[in-house]
Amino acid sequence: MPKKPAISHFGECGILLQWDFDFSPENLKVLLSAKAKIERLLENRDVEVLNTYTALLLIYPIAATTRFSDYKQLQEMDFSTFENIVIAQRLVEIPVCYDTCFGLDLEFLASEKKVSIEALVAMHTEPIYTVYFIGFLPGFPYLGGLDKRLAFPRKKTPRSRIEKGAVGIAENQTGIYPQASPAGWQIIGNCPLTLFNPVADKPCLLKAGDQIRFKSIGKQEHETIKKAVPSGDYKLQTSTENG
Amino acid sequence: MADITLISPGFYTSIQDRGRRGTAKYGVPQAGAMDAFSAAKANLLLNNDPNAALLEITFSGPKIRFNTAMSICISGAQFNVKCNDRQLKNDKAYIINAGDQVDFGTLLTGFRAYLAFSGGIESPVVLGSRSQYEGITTHFRLKKGENLNIMGSGKVLNESSARVQFSNSKILDNKIEVFAGAEYHLLNTVQKQQLLKTEYTLLASSNRMAIQFKEKIENKLYGITTAATLPGTVQLTPQGELIVLMRDGQVTGGYPRILQLSEMGINAIAQQVPGKSIIFEMLIK
């Protein structure tokens with residue numbers, strides 16, 4: 001049975017709900033179910049409910065008048081059951097070109113791990129990853145599920161610029177850079193998709209709760225997809241399951 | 001449509017409104033006026049929506065040519081402002097005529113001034129806000145020679161209306177109101193005392209994303225699992241540095257969140273000049 005979260009005020013604009021559990025795909029479902037239940041409870045309120053690994057933050061505008069009454073309602077809320085709440089999960093295929101022209105640290109990482117580049121790519125494309133939340137940079141997905149054998153520290157000297165779509169590894173995390181940026185991550189490939197577009201109807205390609213799998217593609221296909229994306233000619237490969 | 005031209009933009013001048021709501025789930029910071037109190041005041045004195053887009057002027061001011069008539073109001077930091085040869089005061093609405101030039105001279109008190117225009121600035125709305133932010137809007141600050149459209153041309157206020165006398169003591173005060181942060185309980189007694197007794201000197205590297213200080217506190221705490229942050233969240237790095245996240249700050253972070261500034265605390269720290277010092281004052285003990 002899911003535990004009850006600790007509820008506290010977060011300055012004047014926030015209410016924080018923290019669960020005492022480790023993050024996992026199962027516990028993410030608890031968070032997202034609680035989020036859905038709160039959004040239903042506080043319908044019509046001007047509040048954003050944000051999840052991270054093990055917490056929810058309710059963000060209010062400074063002028064909000066319901067923060068204290070909402071706080072009381074949250075304290076009385078039943079977090080033990082989430083009846084009638086279904087979290088739909090998508091499995092999204094994310095194409096990545098693992099050519100060394102993009103994977104600036106592929107050869108280094110393969111030699112450090114004493115495996116071939118092919119074996120390293122196989123380890124990265126095998127798992128199903130979970131998108132826990134978007135943060136750090138606009139559109140940057142925090143992913144869980146990296147094969148432990150691929151974990152590796154950040155570069156000692158960060159690069160001043162890596163390209164949009166760069167796929168990297170840092171400690172036990174893997175991620176995709178939505179835009180060109182300075183970065184200390186070990187870069188192993190590039191994704192031709194646009195993860196973030198502020199003027200699109202849906203600014204982010206991915207959202208909390210999504211599951212993704214990386215698909216290895218060649219340089220030619222990378223170029224084809226990259227050209228097709230801005231005109232909307234690339235169709236994202238997804239499958240949906242409820243669970 | 002009325003319009004103005006920036007003859008020179010000043011040190012850092014940008015378009016801001018109240019910022020973005022509901023975009024943390026995309027990893028997009030709120031942005032918006034650093035001192036939201038003064039920005040709303042400038043707008044309200046012009047009978048604008050308090051959320052209307054205006055100019056945030058940091059440290060050194062711009063020179064602006066008004067190509068059409070409109071009314072304006074300045075709030076927040078006090079500069080030596082002149083319209084042609086006429087001295088302009090803060091917190092008062094003025095009618096500016098076509099061809100007039102407004103110069104922001106020396107900075108006298110505070111750090112960020114707000115210049116509001118009747119009707120507000122007309123610029124692209126991205127994710128529900130006109131606030132400029134790198135990667136979201138096309139530009140993140142204004143450039144020399146830039147033209148800006150202003151929405152309310154015809155409606156100019158009657159200048160003879162009284163100037164409102166505001167007490168700016170709260171905004172210009174170096175006592176910054178805080179609450180305990182989500183990880184405050186991880187600090188030991190010595191750290192808690194140090195935190196509330198030390199005068200912290202603002203570093204010159206402070207900006208719209210974060211304010212940092214010269215002084216450190218002893219610290220043995222490491223990072224936390226990445227967690228949500230808001231404007232006004234004070235993080236403690238493993239080196240003992242404090243980072244006050246401001247309006248353009250990241251929506252998540254991996255350092256313990258030891259304090260949370262009150263809304264007036266955020267407004268007040270936005271008016272502190274780098275090199276000067278502040279002290280944190282716990283609101284609820």
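This is a predicted model: local features need pLDDT of at least 70, side-chain atom pairs count only at pLDDT 80 or more; totals for chains, interfaces and linings use all residues.

Reply: Of the 243 residues of chain A, 39% count as buried, where buried takes 20 or more other C-beta atoms within 10 Å of the residue's own, exposed takes 12 or fewer, partly exposed lies in between, and C-beta atoms are placed from the backbone. On the conventions: residues are numbered from 1 along each chain as its sequence is written, and chains are lettered from A, ligands numbered from 1, in the order in which they are written. Local features need pLDDT of at least 70 and side-chain atom pairs count only at pLDDT 80 or more, while totals for chains, interfaces and linings use all residues.

Me: Why is Gln87(B) called exposed?

Reply: Gln87(B) has 9 other C-beta atoms within 10 Å, so it is exposed. This residue lies in strand β6 (residues 86-88) of chain B; a strand is a DSSP run of E of at least two residues, a helix one of H or I of at least four, both numbered from the N terminus.

Me: What makes β12 and β13 of chain B edge strands?

Reply: Strands pair if DSSP finds at least two bridges between them. The open sheet runs β12-β19-β11-β18-β15-β16-β13 in chain B, with mixed pairing. Here β12 (200-201) and β13 (210-212) each pair on one side only, and that puts them at the edges.

Me: How do you know that β11 and β19 of chain B pair?

Reply: Four bridges join β11 (residues 175-180) to β19 (residues 277-282) in chain B, and the two run parallel. The definition asks for at least two bridges, so they pair. In these strands, Ile176(B) stands opposite Phe280(B).

Me: What makes residues of chains A and B count as in contact?

Reply: Their C-beta atoms, placed from the backbone, must lie within 7 Å. By that test, 26 residues of chain B are in contact with 30 residues of chain A. On the chain B side, β14 (227-228) and β18 (257-261) each supply at least two residues.

How values were computed. Two residues are in contact if their C-beta atoms, placed from the backbone, lie within 7 Å.
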